Amino acid sequence: MKKRYVLAALAAMTVFAGCGDNASQQKNTDNTTQESTAEDDLTAAFTQVFQMNMHEDDMDVILEELLNARPECETNLGYIRQIIDGVKEHESELEDTVAKYLKAGWTLSRISKASLSIMKLAIFEMKYMDDVPPKVAINEAVELAKRYGDDGDPTFVNGLLGNVFKELA
């Protein structure tokens, strides 16, 4: 089964969404729970952007489910909400930017939903979030593509976002 189909099934379950995956969910030696890491928060933001493409009208419910499943996400809910709201507000512009750098004959519908969501998130960070250096946004996007995309997605995401970066520089 291809990763994108697994992702679609898992993303439908908000429990999957970052903020507590891996080490951040483990107990410290003093029996307190660690806060989420930046990677966890980015993963949560990505899964929310991914779900936004499928359930746009239910974003408040999806965020509520995220917080019920992963209460530690609340510490960085502002970041997650900023990504979701920003990608939604600038969605047309972000998709136009992706389309601008596609090879001849390619359309947005040919790109996996995971890769498109990853690139929209990264382009939003590059254009509108001053505290995220563009090269960091690209690196994070490539890591998400490795984790959630098909085999060729990391190279594709890196190349397209590299071209966006050149335009912005």
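Colleague: Of the 169 residues of the chain, what percentage count as buried?

Modeller: Buried means under 20% relative accessible area, exposed over 50%, partly exposed in between, with a 1.4 Å probe and protein chains only. Here 44% of the 169 residues count as buried. This is a predicted model: local features need pLDDT of at least 70, side-chain atom pairs count only at pLDDT 80 or more, and totals for chains, interfaces and linings use all residues. Residues are numbered from 1 along each chain as its sequence is written, and side-chain values use heavy atoms, with hydrogens and water left out.

Colleague: How many helices and strands does the chain have?

Modeller: Helices (H or I, at least four residues) and strands (E, at least two) are DSSP runs, numbered from the N terminus. This chain has eight helices and zero strands.

Colleague: How is a pair of aromatic rings described?

Modeller: By the distance of the centres and the angle of the planes. Rings of Phe, Tyr and Trp (its six-membered ring) pair if their centres lie within 6.5 Å; planes under 30 degrees apart count as stacked, over 60 as edge-to-face and the rest as tilted. The whole structure holds two aromatic pairs. In one of them, the ring centres of Trp-106 and Phe-156 are 5.8 Å apart and the planes lie at 25°, so the pair is stacked.

Colleague: Where do Trp-106 and Phe-156 lie?

Modeller: Trp-106 is in the loop between helix 5 (91-100) and helix 6 (113-128). Phe-156 is in helix 8 (residues 153-168), 50 residues apart from Trp-106.

Colleague: Are these two residues buried or partly exposed?

Modeller: Trp-106 is partly exposed, at 31% relative accessibility. Phe-156 is partly exposed too, at 25%.
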